Amino acid sequence: MTKAAAARPSPIAVTFAVLSYAGTVTISLIADPDPDPDAVPDLPCLTNALRGQVAATAPPNVTSP
């Protein structure tokens with residue numbers, strides 16, 4: 001069984017993680033409202049922009065969730 005690492009308090013409100021393995025790329029956007037709930041007031045806009053950019057640059061047979 002794999003144990004998830006506990007998140008540490010940080011002043012960083014948004015983190016992007018990108019993993020590429022066996023021909024697949026996974027992009028994660030992790031938002032932490034703890035430092036300041038107003039640090040990223042446009043989080044839905046940021047998420048939609050990331051999805052749009054991925055969709056615009058991905059090959060035609062790839063879909064975004």
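Helices (H or I, at least four residues) and strands (E, at least two) are DSSP runs, numbered from the N terminus. With that in hand, the chain comes to one helix and two strands, and reading along the sequence gives the pattern β-β-α. This is a predicted model, where local features need pLDDT of at least 70 and side-chain atom pairs count only at pLDDT 80 or more, while totals for chains, interfaces and linings use all residues. Residues are numbered from 1 along each chain as its sequence is written, and side-chain values use heavy atoms, with hydrogens and water left out.

Let's start with the strands. Eight bridges join E1 to strand E2 (residues 24–31), and the two run antiparallel; strands pair if DSSP finds at least two bridges between them. Together E1 and E2 make a hairpin with two residues between them, and Ala 22 in that turn has a positive phi of about 50 degrees. Across the pair, Ser 20 stands opposite Val 25 in E2.

Buried means under 20% relative accessible area, exposed over 50%, and partly exposed in between (1.4 Å probe, protein chains only). Of the 65 residues of the chain, 2% count as buried. Strand E1 (residues 14–21) has eight residues and the number buried is zero, so E1 lies largely in the open. Over in E2, Val 25 counts as exposed because its relative accessibility is 53%.

Finally, a word on contacts, meaning heavy atoms within 4.5 Å. Among those in the chain with a separation of 6 or more, 24% are accounted for by residues 24 or more positions apart.
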